[in-house]
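Here is a friendly walk through one protein model, written for someone who likes to see which parts touch which. Please keep the viewer open as you read.

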Amino acid sequence: MSDIERSEPIRRKLAAWWEANARDLPWRFGRATPWGVLVSEVMSQQTQMSRVVPYWQTWMHAWPDAAALADATTAEVITAWGRLGYPRRALRLQECARVVRDQYADELPRTYDELTGLPGIGDYTASAVMSFAFGARIAVIDTNIRRVLSRVFRGEESLGGAAKPAERQLANRVLPDDAAQSVTWNQSVMELGATVCTAKNPLCDSCPVRDDCAFLAAGRPGLGERHTRPRQRFAGTDRQVRGLVLNALRTLPANAPVLPREQVEALWSDHVQLDQCVASLDNDGLIEMLPDGGVRLPR
Ligand code: SF4
């Protein structure tokens, strides 16, 4: 049987499963603007969706559209990003907001080329916005979707790294022709990968497509195998040190926004690593170094 023939019963089962099991995230089911959907996708890139929810709600309350975010100070943006991680994403999102305000009259553009032309918006985010916000027929290709499609249709693990041409071809081939069905397909396959068909411990016994899955039928060969390097441990890394500095700055009172040098030094005992991290944060535009050795969030 061809991939396309196999995909139709799988699509029906996943659509029914989605209907009954989709998590009630606040940007789903038509409740968010296209801009809100884009913000949710950028926030979710390195962070679990369930953790993103309170940050997204606070953010959208403060800055409901691109124009509002464009006018925020850098300090406000970095503070609101909180512990979502990889805070350069927050600055890129604000750059994106300024382009949307200035070049698109505060309305998110609707074509793939225009979306990928925005600061910080790559293939995945552009496709996700086109599908989830605009209802367009386009294959969304993220780690979860790649893993599920590879297991179900190929009976093997997707090995991580950049998406291979064969994975893109498969995603496009099995995408339903009908636009509305394609949106549900993207959402349901992605949701299955996030909650049931997880990387290390897929819950095959409760999976809606267990009877159609080539990976399960083959005995789950090489379960959890990846070719990418394992994630770098966090403790002791520059990421940890940068996070300590940013968190200390976020919690300062508004009337005393400078962290003096001695308090910076108290954050981390290896002062060579600390100084490198402070310099890299300054270089990334996330903090400002003052002549006396203190630091603050950019105004
Ligand atoms: S049967 Fe198991 S491996 Fe196959 S899609 Fe479902 S959870 Fe994933």
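In this predicted model, Asp-238, Val-241, Arg-242 and Val-245 are the residues that helix H13 brings to its contact with helix H15. The crossing of H13 with H15 is right-handed.

| Helix pair | Axes come within | Crossing angle |
|---|---|---|
| H9 and H10 | 10 Å | roughly 80° |
| H2 and H8 | 10 Å | roughly 140° |

Take H9 and H10 next. H10 covers residues 165–174, and its axis crosses that of H9 at roughly 80°, so H9 and H10 are roughly perpendicular to each other. On the H9 side, the contact uses Ile-145, Arg-146, Leu-149, Ser-150 and Phe-153. H10 answers with Glu-167, Leu-170, Ala-171 and Val-174. By class, the contact between H9 and H10 holds six nonpolar, one polar and two charged residues.

The pair of H2 (residues 34–43) and H8 (residues 123–132) crosses at roughly 140°. Because angles over 145 degrees are needed to count as roughly antiparallel, H2 is classed as oblique to H8. Their crossing is right-handed. Pro-34, Val-37, Leu-38, Glu-41 and Val-42 of H2 meet Thr-125, Ala-128, Val-129 and Phe-132 of H8. This contact divides into seven nonpolar, one polar and one charged residues.

Now for the ligand. Which residues come nearest to the ligand? Of the 14 residues around it, the nearest are Cys-197, Pro-202, Cys-204, Cys-207 and Cys-213. Helix H9 (143–154) and helix H12 (214–217) each supply at least two residues to the shell, and H9 gives the most, with three residues. The shell has 12 nonpolar, no polar and two charged residues.

Finally, consider the domains. The domain assignment of the protein chain gives domain 1 as 33–132 and domain 2 as 238–296. Taken over C-alpha atoms, the centres of domain 1 and domain 2 are separated by 25 Å. How many residues does each domain give to the contact? Domain 1 gives five residues and domain 2 gives five residues. On the side of domain 1 that touches domain 2, the elements giving two or more residues are helix H5 (74–81) and helix H6 (88–103). That side of domain 1 is made up of three nonpolar, one polar and one charged residues.

Technical notes
Residues numbered from 1 in each chain as written. Predicted model: local features only at pLDDT ≥ 70, side-chain atom pairs only at ≥ 80, totals over all residues. Left-handed = near helix turned anticlockwise from the far one by under 90°. Helix = DSSP H or I, 4+ residues; strand = E, 2+ residues; numbered from the N terminus. Contact = placed C-beta atoms within 7 Å. Domains from an automatic or database assignment. Nonpolar A, V, L, I, M, F, W, Y, C, P; charged D, E, K, R; others polar. Near = placed C-beta within 6 Å. Axes fitted to C-alpha atoms, helices over the stretch in contact; angles between N-to-C directions. Parallel < 35°, antiparallel > 145°, perpendicular 65-115°, else oblique.
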